[in-house]
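Please look over the sequence and the model below.

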Amino acid sequence: MTRMHAAFITGHGGNDVVLLGDRTKPVRKAGEVMVRMRAGGLNRVDLYMRDSGAGITHSLPQTLGLDGVGTIEDADDNETRLKKGQRVVLHPALGCGRCAFCLRGEHVLCLTSKYLGEHVDGTLSEFVCLPAENAFPAPEVLDDIEAAALSVAPLTAWRMVFTKAAVKPWETVLIFGVGGAVSLSALQFVKMIGARAIVTSRDDAKLGRAMALGADATINGVREDIARRALALTDGRGVDVVIENVGEAVWPHAMKSLVRGGRIVLCGATSGDAPSADLRRLFIRQLQVMGSTHGTFEEFRQLLAVTGQGGFRPVIDSRYAFGEIHAALDRLDASAQFGKIGIDMPR
Ligand SMILES: [Zn+2]
């Protein structure tokens, strides 16, 4: 069999360019594993690739998807870590393995890094071939869609909370846009270590669900002044850390919510990327601004270890069959979700 089913884009602009059909089955190279996919999930970058893809080198048609779990279909004869039939979760970043960043384990900073679903064919496919080191044993405590959900959003949040912000148990963290899978994962990690979490959303229902997940306080971004409310909730002091991916629409509120010496970690700018920098506030109050993208193999190992011990379970918003991908993309586009939108692959 040389053909396989996949969800792929043939151009840019809306669901019309997203096709479900046959593509050529990839050929496994030495050092790679071939994975028979069981489940995937959607990320905002899937919408970006569908609608624009500008600035990301890729060729059409291209298969969508960064999240993925599957079973090992084929591997090198001398592969010892992974066995055929074993369930694995995919880390979708393909580093060169040789540049200064890769050599120190930071292949998320690799000079020629490629991502499944962005620069090369992605995970919403019957088969995926990728370097064996990008396939990690999936935690047994998770089902397929939950395991696939680990590939991007929780890993991104893990790096933001633990590596970049290095949140301490006695600190207060303000998390913007709870409902998105990164923000929700950040909430879960902050509560995992006993720190205090304040979350924002424009949707009361999402705020209520965040409270059920352990949030200590909520702010409705439509009805309330976020910075004023964050100060009130911290006795006028301000929060220690802001976790943010909304960008321009909330940046001034984020800056004004911080305590002196506070830090803000940013992994996205969906509402725009050129807010006022507020430099005077930045230096007088000695704030720290940190950018963050995805996470390393080592951070993924840490996340998988905690997950395997029952310490973390990603929130799944909804589960769609492979054939329903257009509806799944619409749900993400409308920001209607609370957690990960999962895709079951056909068996
Ligand atoms: Zn590299």
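A residue is buried if 20 or more other C-beta atoms lie within 10 Å of its own, exposed if 12 or fewer, and partly exposed in between; the C-beta atoms are placed from the backbone. Ala30 has 7 C-beta neighbours inside 10 Å, so it counts as exposed. Ala30 sits in the loop between β2 (18-24) and β3. Its C-alpha atom is 6.4 Å from that of Asp76, although the two residues are 46 apart along the chain.

This is a predicted model: local features need pLDDT of at least 70, side-chain atom pairs count only at pLDDT 80 or more, and totals for chains, interfaces and linings use all residues. Residues are numbered from 1 along each chain as its sequence is written.

**Strand β18**

Helices (H or I, at least four residues) and strands (E, at least two) are DSSP runs, numbered from the N terminus. Strand β18 covers residues 340-344, and four of its five residues are buried, so the rest of the structure largely encloses it. Two strands pair if DSSP finds at least two bridges between them. The table lists the pairings of β18.

| Partner of β18 | Sense | Bridges | Facing residues |
|---|---|---|---|
| β3 (residues 32-41) | antiparallel | three | Ala39 and Asp344 |
| β17 (residues 316-321) | parallel | five | Tyr320 and Ile343 |

From β17 the chain passes through helix α11 (residues 325-333) to β18, a right-handed β-α-β crossover. Right-handed means that, with the strands pointing away from the viewer, the path from the first strand over the helix to the second runs clockwise.

**Two domains**

The chain has domain 1 (3-152 + 295-344) and domain 2 (155-291). These bounds come from an automatic or database domain assignment. Taken over C-alpha atoms, the domain centres are 27 Å apart. Domain 1 gives 18 residues to the contact and domain 2 gives 14. Residues are in contact if their C-beta atoms, placed from the backbone, lie within 7 Å. On the side of domain 1 that touches domain 2, helix α10 (residues 297-308) gives the most, with four residues.

**The core**

What is a nonpolar core? It is a set of buried Ala, Val, Leu, Ile, Met, Phe, Trp, Tyr and Cys residues joined through C-beta atoms within 7 Å. The largest one has 94 residues, and Leu187 is among those with the most contacts inside it. Helix α5 (residues 181-192) supplies the largest share of this core, seven residues.

Definitions and conventions:
Contact = placed C-beta atoms within 7 Å.
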